[in-house]
Amino acid sequence: MGKTITLPGAPSTTEVYSKAVGAMLPVIGKPATVRADAVIPERSYRLENVRVDAERLHAYTRVTGQRFGSTLPITYPFVLQFPLAMKVMTDNDFPFGAVGSVHVENSIHRLRPIGVGEPLTIDTHAENLREHRKGLLVDMISQISVGAELVTTQVATFLKQQRTSLSDEPRGPEPKQTTPPPPDSILAVDLGRIRSYADASGDRNPIHMGNLPAKAFGFPKAIAHGMWSAAAAVANVEAQLPDDVTYTVRFGKPILLPAKVNLYTRRIDGAGNFDISILNRRKGYPHLTATTRGA
C-alpha cells in the first residue's frame with residue numbers, strides 16, 4: 001500500500017457529499033465511462049483515537065433494532081469507516097464518483113467484540129478494480145484496531161454501472177417471483193425510519209432521503225439503505241454469534257419505501273452460523289442474502 005494520510009478528524013458529510021455531487025457535473029465532473037485499467041490511487045486515510053458517540057450509537061440501535069450495550073453491534077464498523085470511504089471516493093483522482101455507485105456486497109470480519117469506550121484507529125483504502133457484467137467493481141477496505149491489535153476488517157464492494165467487456169456475457173437466471181413461504185418475522189420500514197438511520201449513520205445519499213432525489217437517480221421512489229437492512233436482518237441473532245465471526249451480505253433489488261419485507265433466519269449449527277435473507281413479500285425475490293460464519 002502507498003502513502004497513509006492521517007486526518008485530524010472525520011470528514012463532514014456536508015463536505016464529502018458536496019464533492020460527490022460535484023463529481024457528477026458535466027465537464028468538471030468525473031467521466032461517465034471509466035477504463036477497466038483505470039488506476040486506483042495507492043492512498044490510505046487514517047483516523048486515530050476515534051471515540052464512539054454513545055448518543056449516536058443509541059440512535060443507531062433504536063432504528064436498526066440492534067442491542068445497545070457495552071460492545072458495538074457487528075455492523076457498526078461500517079458506520080465508523082464510512083466518512084473515510086467517502087473521502088477516498090471523492091478524491092479528484094479516484095476514477096468514478098461516490099453518488100450513483102451501488103453498494104453490492106459487504107463483509108465484516110470481527111475478530112472480537114469492540115468495547116464502546118475503546119479508542120480506535122481506522123485505516124481505509126480502495127483496491128481491486130475489476131470488470132463485472134454490469135460495470136466495474138471496487139473494494140473499499142477498512143481495518144479497525146485498538147492500539148496494535150486488529151479487531152475488525154470491513155470490506156464494502158461498490159459497482160460503477162457501465163458497459164464492460166463482460167456486458168454481453170449470458171445473464172444468470174432472474175430471481176424467482178413466487179409467493180414466498182411464511183417469514184420468521186416481518187420488517188417494516190418507511191422514509192421516516194430511513195431518514196433517522198441516515199442521521200445516525202451519516203449516510204445521506206440522496207437516493208435514501210426522498211422520492212424526488214431518488215427519481216433523479218433512476219429510482220421510482222426513495223430506497224432503504226442496504227446497511228440498514230443488513231443491520232436489521234442480523235439483530236435478532238447477534239447475541240448468539242461467536243466473538244470471532246464474519247458477516248457477509250449480498251444486496252439484491254432495493255427496498256422501495258415504504259415497505260414490509262419478509263425476514264428468514266436459518267440456524268446452520270450451534271456455533272453461531274446462520275443463513276439470513278430478506279425477500280419481497282409478494283414476489284419472493286431477494287433484497288438481501290447473508291451468512292454469519294464463525295472462525
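Residues are numbered from 1 along each chain as its sequence is written. In this predicted model, local features need pLDDT of at least 70, side-chain atom pairs count only at pLDDT 80 or more, and totals for chains, interfaces and linings use all residues, while side-chain values use heavy atoms, with hydrogens and water left out.

Start with the sheet. Eleven strands form an open sheet with mixed pairing. Their order is β1-β2-β4-β5-β6-β3-β8-β11-β10-β9-β7. Helices (H or I, at least four residues) and strands (E, at least two) are DSSP runs, numbered from the N terminus. Two strands pair if DSSP finds at least two bridges between them. The edge strands are β1 (3-6) and β7 (185-189), and each pairs on one side only. On average, neighbouring strands of this sheet are turned by 20° against each other, direction ignored. Strands of a sheet pair through backbone hydrogen bonds, either parallel or antiparallel.

Now take strand β3 (102-110). β3 pairs with β6 (residues 149-161) in the antiparallel sense, over eight bridges. Six bridges join β3 to β8, and these two also run antiparallel. Histidine 109 shows both links. Its bridge partner in β6 is threonine 153, and in β8 it is threonine 246.

Further along the sheet, seven bridges join β9 (residues 259-267) to β10 (residues 274-280). These strands run antiparallel. Here arginine 267 stands opposite phenylalanine 274 in β10.

Next, the helices. Helix α7 (residues 226-234) lies across β3, β7, β8 (245-251), β9, β10 and β11 (286-294). α7 runs at about 130° to β8. Such angles run from 0 to 180 degrees between N-to-C directions, with axes fitted to C-alpha atoms, for helices over the stretch in contact.

Helix α3 (residues 76-90) has 15 residues. From first C-alpha to last, α3 reaches 22 Å, close to the 21 Å expected at 1.5 Å a residue. The expected span is 1.5 Å times one less than the number of residues.

Finally, which loop holds arginine 112? Arginine 112 is found in the loop between β3 and β4 (120-132). Its side chain makes a polar contact with the side chain of glutamate 118 (3.0 Å). Another polar contact, of 2.9 Å, joins the side chains of arginine 112 and glutamate 149. A polar contact is a pair of N or O atoms within 3.5 Å; within protein, one must be able to donate a hydrogen and the other to accept it, and residues adjacent in sequence count only if both atoms are side-chain atoms.

Note on methods. Contact = heavy atoms within 4.5 Å.
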